[in-house]
Amino acid sequence: MTTPLEENMIHSTVAPPDPAVEGAAVAAPGRDAPIAVKIHSDGAPKPEVKGTPTPQTDVATVPVVRLRGMSFYYGSFRAVREVTFDVPKNEITALIGPSGSGKSTILRAINRMNDLIPSTRVEGEVLYNGEDLYGDRVDPVEVRRRIGMVFQKPNPFPKSIFDNVAFGPRVHGLKGNLNDLVEQSLRRAALWDEVKDKLKQSGTALSGGQQQRLCIARAIAVEPDVILMDEPASALDPRATLQIEELMHELEERYTIIVVTHNMQQAARASDNTVFLNMGEDRAGYVVEMGPTTQIFTNPKNQLTEDYVSGRFG
Amino acid sequence: MAGASTAVPAVVVRRSLAGQGADWRGLIFQGLLLLSVVITLLFLFILLADVFSRALPVFTERGGSFLSSSLSSSAARSGVIQGLFGSFVIAIIVVIVAFPIGIMTAIYLEEYAPDTRLTQLISINIRNLAGVPSVVYGLLGLAVFVQLLGPLTGGRSVIAGGLTLAVLVLPIVIITSAESLRAVPQALREAGYGIGASRWQVTRSLVLPSAAPGILTGTVLSLSRALGETAPLIVVGAVSGYFSTGNASTVDQLFGRFTALPMIVFNWAREPQQSAFGPLTAAAIVVLLLVTLSINAFAILLRNRFEKNW
């Protein structure tokens with residue numbers, strides 16, 4: 001891949017997760033667990049002013065998804081309370097927090113996946129490039145095409161590897177060479193070399209890690225803007241987890257990624273920004289603190305955040 | 001290995017591993033299970049052996065003419081061709097009417113309808129309909145298909161009989177199809193929605209292929225249920241003596257009086273015990289069994305094919 005990414009990749013391999021620590025960290029990270037913090041390759045703080053000369057840095061500061069006082073209700077129960085945060089373009093934003101803090105609910109509200117659950121309701125705004133995704137004329141199907149999703153448990157279709165990736169382009173009637181698109185998607189998902197000789201085989205016959213990368217290939221085959229990942233590595237072994245994290249770094253060049261994770265090390269290693277959520281007295285999730293991942297993990301402003309990222313609760 | 005000071009004597013280890021002797025209750029339970037299987041198979045075997053042994057002379061003496069002859073007052077000349085024709089037409093009507101309506105109803109209830117009280121009420125009522133005795137469906141068929149729609153169906157015709165049986169199996173088709181749809185993992189639907197497929201695309205390309213083996217098995221089995229029903233056909237007015245179709249055209253046969261295999265079995269079984277119709281009854285049962293068994297075999301074949309091919 002291109003040079004700016006290499007440092008990230010190398011960084012990930014330089015500090016691999018200790019399998020034992022990693023395993024424990026899924027439930028509750030150990031207090032003394034080493035936390036590798038991702039450092040931007042340029043080492044310099046990103047300019048926050050719009051309209052700077054270099055297009056790359058300009059792009060990096062534009063929020064693609066913005067939540068504005070978003071609350072989410074299951075029936076009369078408010079599961080998420082007035083959440084506000086921005087998701088910068090072409091960066092990885094991690095949502096962390098204990099069980100019940102609404103991470104997955106927020107994630108699934110961003111591509112209107114929660115519409116599938118009866119009697120759910122959103123208040124406030126979820127903006128995508130400035131447009132309210134819950135506006136009157138918004139088609140949730142179109143939303144999900146632009147904001148793709150990778151689930152906790154790999155869920156390939158019981159179809160061939162090729163058909164898994166080709167499914168999205170087919171249902172959207174995408175023009176062009178399907179073979180090329182499938183190959184390109186599988187390459188971007190870092191799966192091509194492993195499956196190029198068995199594209200006709202069933203996707204469900206792959207290993208867990210391969211299945212998850214197949215699901216990522218399937219998601220990017222429809223050329224989304226944003227990819228939502230709901231604990232994408234929690235069902236995988238440490239090796240496959242690392243592969244997914246490396247892949248996320250490669251994907252961030254083209255896509256904006258929002259990832260929910262229980263794994264503190266993963267958030268620290270793999271994300272640029274972190275949103276820390278907690279469950280309040282009313283059992284609704286709310287944002288405690290957000291910021292660059294480095295700051296959240298090394299210099300949190302809130303005591304609760306510090307306790308959580310250092311493994312004292314959660 | 002543990003140190004010598006802490007080693008447990010071999011005898012003690014052996015005794016502790018030996019268990020507590022025979023598990024009598026477990027053995028008795030297992031014996032009961034086995035007994036149930038034996039009893040079931042025994043009944044089935046006696047039934048089949050009895051029927052086949054009584055039917056055998058008919059097939060050896062008459063051969064194919066039993067299948068190709070019409071009903072007659074003379075046992076020696078009686079055959080089941082009219083019953084085969086009637087059952088065949090009934091099967092086609094059930095496939096054309098009950099399968100699409102039933103499967104589509106199930107798809108609507110499972111995939112499209114909002115999960116409200118009304119939907120639940122409808123589902124429960126469909127379940128209840130499946131438990132309604134078949135003779136009641138016969139009365140419905142008599143009122144609706146024979147009398148009300150008589151001008152269209154030809155009155156006491158095979159079409160009226162077929163429609164009645166189609167309505168009879170409709171709830172079964174809906175229930176088995178709905179259960180197959182419910183068995184499709186939600187993760188599959190989410191995967192489809194997650195890449196921006198519409199409900200129609202998710203249902204058509206993911207849910208239905210996944211549920212197809214179960215839907216097919218259930219619907220085809222309901223067909224063999226329809227072919228075995230007698231009571232509704234009696235009420236609807238299937239012929240219970242013998243009748244001549246003579247040189248009647250197929251259209252005449254469709255809109256005229258009819259009979260079906262189970263009706264023939266029923267009629268012949270009503271003849272005096274020692275009459276010459278006894279062996280014929282057994283032979284007709286064998287024909288009916290073969291028809292339903294081949295339909296079931298077809299269902300299994302179809303399911304295996306679908307499971308491999310999608």
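**View 1. Antiparallel pairing of strands β1 and β2 in chain A of a predicted model.** Strand β1 (residues 63-74) of chain A pairs with strand β2 (residues 77-88) of chain A in the antiparallel sense, over eight bridges. Two strands are taken to pair if DSSP finds at least two bridges between them; helices (H or I, at least four residues) and strands (E, at least two) are DSSP runs, numbered from the N terminus. Opposite Phe72(A) stands Val80(A) of β2(A). Two residues lie between β1(A) and β2(A) in the hairpin that they form, and Gly75(A) in the turn has a positive phi of about 60 degrees. The model is predicted: local features need pLDDT of at least 70 and side-chain atom pairs count only at pLDDT 80 or more, whereas totals for chains, interfaces and linings use all residues. Residues are numbered from 1 along each chain as its sequence is written, chains are lettered from A and ligands numbered from 1 in the order in which they are written, and side-chain values use heavy atoms, with hydrogens and water left out.

**View 2. The contact between chain B and chain A.** Chain B contributes 15 residues and chain A 21 residues to the contact (heavy atoms within 4.5 Å). About 1600 Å² is buried between the two chains, with 69% of this area given by carbon and sulfur atoms; buried area is the accessible area (1.4 Å probe) that two parts lose on being put together, summed over both. One salt bridge is counted between chain B and chain A (a side-chain nitrogen of Lys or Arg within 4 Å of a carboxyl oxygen of Asp or Glu). The side chains of Glu190(B) and Arg108(A) meet in a salt bridge at 2.6 Å, N to O. On the side of chain B that touches chain A, the elements giving two or more residues are α9 (186-194) and α10 (199-228) of chain B. The largest share of that side, seven residues, comes from α9(B).

View 3. The side chain of Ser271(A) makes a polar contact of 2.7 Å with the side chain of Thr293(A), and a polar contact of 3.4 Å joins the side chains of Ser271(A) and Thr274(A). A polar contact is a pair of N or O atoms within 3.5 Å; within protein, one must be able to donate a hydrogen and the other to accept it, and residues adjacent in sequence count only if both atoms are side-chain atoms.
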